[in-house]
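Okay, thanks for coming, everyone.

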Amino acid sequence: MSSPCDPRNAPAGDVSAALMMIDSRLKAVYDGRTQADPEQQALVDQFIASLGPREVDDVLDGTCTLIFLFMKWLRMAYEDHDRDVIEYVVPNLVATMRMMPKSVRPEAIPTMAGLVVAAGTGLSPNLWRKQYGDWTSDEMTPLEATAFLLAEHINRLTDDHDFATRMITQALSGPDED
């Protein structure tokens, strides 16, 4: 029986814009900057302000698609070592988010953990979240942080600061060769 949260039923959204935002955050952290670069933040703010409601939803869906793809890669990587992705990813994600109280409010953490569990079990994160109502503005930064933390987890596992971004870029630019 097919689930209403089957990824085939989910919009992919604007994965490129979502990836650009995550990649810029990754680069800043890898460059040792913990505060947002004012010039870069101004460009991101300008980009976001230029979006209409439909485009904002597209970036939101794109971020959820990234989370799904990152968790799919992590699931396969952990399964190759007879490990459970949920066991290795979710506690780390939750612990890290708990150390980010200025960016991630405590009440958003269970939603982000649920989103990652949904993606880790092969469900669409955006369709999983939709069953609980519309996204709130308080969930936008935690959602971005979730995608960022998953990408960073992949980069750490591969010992390659660009691996997660490159993986998605290659998936977007060429046909699936599986």
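Let's start at Phe163, which is partly exposed at a relative accessible area of 24%. On that scale buried means under 20% relative accessible area, exposed means over 50%, and partly exposed is in between, with a 1.4 Å probe and protein chains only.

Quick housekeeping. This is a predicted model, so local features need pLDDT of at least 70, side-chain atom pairs count only at pLDDT 80 or more, and totals for chains, interfaces and linings use all residues. Residues are numbered from 1 along each chain as its sequence is written, and side-chain values use heavy atoms, with hydrogens and water left out.

Now, aromatics. Rings of Phe, Tyr and Trp (its six-membered ring) pair if their centres lie within 6.5 Å; planes under 30 degrees apart are stacked, over 60 edge-to-face, and the rest tilted. By that rule we get three aromatic pairs. One of them is Trp73 with Phe163: the ring centres are 5.4 Å apart and the planes sit at 55°, so that pair is tilted. Trp73 is in helix H3 (residues 53-79) and Phe163 in helix H8 (residues 163-173), so the pair ties together parts 90 residues apart in sequence. Helices here are DSSP runs (H or I, at least four residues), numbered from the N terminus.

Then there's Tyr78 with Tyr88, a stacked pair at 5.3 Å centre to centre and 15° between the planes. Tyr78 belongs to H3 and Tyr88 to helix H4, so this pair links parts 10 residues apart in sequence. Tyr78 is buried, at 9% relative accessible area, while Tyr88 is partly exposed at 34%.

Staying with H4: how do H4 and H5 cross? The axes of H4 (residues 85-98) and H5 (residues 109-120) come within 10 Å and cross at roughly 160°. Axes are lines fitted to C-alpha atoms over the stretch in contact, with angles from 0 to 180 degrees between N-to-C directions. The two helices are therefore roughly antiparallel, a label for angles over 145 degrees. On the H4 side the contact (heavy atoms within 4.5 Å) includes Val89 and Leu93, and on the H5 side Met112 and Val116 are among the residues involved.

Last stop, Trp135, in the loop between helix H6 (125-130) and helix H7 (140-158). Beyond its neighbours within four places in sequence, Trp135 touches Leu60, Cys64, Met112, Leu115, Arg129, Met140 and Leu143. Leu60 is 75 residues away from Trp135 in sequence, yet 9.2 Å in space, C-alpha to C-alpha.

Conventions:
Parallel < 35°, antiparallel > 145°, perpendicular 65-115°, else oblique.
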